[in-house]
Amino acid sequence: MTSGISRRARVLAAAVGTGVLVPLVATATPASAAAPAVTCTSAKAGLAAKLKKDITAALATRKGTVAVGLYDRSTNTTCTLRASSAYDSASIVKVTVLAALLWDAKKANRYLTDRENTLAKAMITKSDNAATTTLWKQLGMTKIKNFLAAAGMTQTKPGANGYWGLTQITVTDEQKLLKLLTAKNAVLSDNSRAYIIKLMGQVVSSQRWGTPYGVPSGVTVAVKNGWLQRSTNGWRVHSVGAFKGGGHDYVMTVLSHGNSTMNYGITTIQAVAKVIHRDLAAS
C-alpha cells in the first residue's frame, strides 16, 4: 500500500487517464427507463382493456422497437404505442407521395395524366421505386411539404436529396393520413380517396403481408408495406392498412426497426394485427 491508496485504485486511475482517482465504491446502476406502454381508449365497454392486454402480449417476446396505431370509427377506439417515435419510412411514404400528387392536381383543377396514373399504380401495387422517384422529383420538396402541412402531418420530415425512403414518419402522422383516406375531408377529394384505397386494395399478393394478417372474412383490405435494411437499427419493416366490414371501419399502422431480418419484422407486425382484428371482430 502506498499513501493508503490500493494498487487496484492506482491502476484504475491510470487507465482512466484523468489523474483523478476513481473511488471504488459500489453505486447502484440507474434503472433503464421503463418501456412505453400500449394505451387504448374505447366507447365500447371492455374493448380498450382487452386490446391493451393483447397487443402488449403480442409484443412481449419480440425484439426490435415497435410503434402501433389503431383507430376504429365504429367503436371510437384508439390504441397507440410510441406514437411520436420517428422511423425511416421505407416504402410506406409512397401513399403520401400519391396523396400529395392528387392534392396538387386538385388544386390545379386537373385529373392525373395517363403517365401519372401508370406511375401511381406501379408505385402502390408493386412498390416500384423508379416510379416513386419520378413522382417525388416531379412534385418537388415544396409541394410535398405543402401537402404535409395541409394534412396536418407535422411530424413527417421528407427525406433529403431525393432519398424519399429516409423520410421520417410517425404512427401519429400515418394514422392522420389513413383517416384522410377513409372519411370525407377538405384535403383530398372523394375521387382521390377512392383512387388511393383502390390501388392499396390491388397490391400484389407477395406484398399483402402485415396489417391484413388475420382479417375476418367479408372485411375489405387496403394495405401498403415498407421494408429497408440499413447498417444501424437493422431492418425497418412497416405496414399500414385500412379495413371496413363486420360492423367496423378501422385503420392500423405498425412501424418497426431493429429487426434481425425482414421476415422477423413481418412476424412481429402480424402478431399485433392478428389480435387487433380478432378483438374488434368479437366486440
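1. Strand β2 (residues 65-72) pairs with β3 through five bridges in the antiparallel sense, where pairing requires that DSSP finds at least two bridges between two strands, and strands are DSSP runs (E, at least two residues) numbered from the N terminus, as are helices (H or I, at least four). Leu70 lies opposite Cys79 of β3, and in the hairpin of these strands, with four residues between them, Asn76 adopts a positive phi near 50°.

2. This is a predicted model, in which local features need pLDDT of at least 70 and side-chain atom pairs count only at pLDDT 80 or more, whereas totals for chains, interfaces and linings use all residues. Residues are numbered from 1 along each chain as its sequence is written, and side-chain values use heavy atoms, with hydrogens and water left out.

3. Strand β3 (residues 77-81) also runs antiparallel to β1 (residues 39-41), to which three bridges join it, and Thr39 stands opposite Thr80.

4. Helices α2 (residues 47-59) and α8 (residues 262-282) pack at about 160°, their axes 9 Å apart, the axes being lines fitted to C-alpha atoms over the stretch in contact and the angles running from 0 to 180 degrees between N-to-C directions. That angle makes α2 roughly antiparallel to α8, a term used for angles over 145 degrees.

Methods:
Buried < 20%, exposed > 50% of the residue type's maximum accessible area, 1.4 Å probe, protein only. Parallel < 35°, antiparallel > 145°, perpendicular 65-115°, else oblique.
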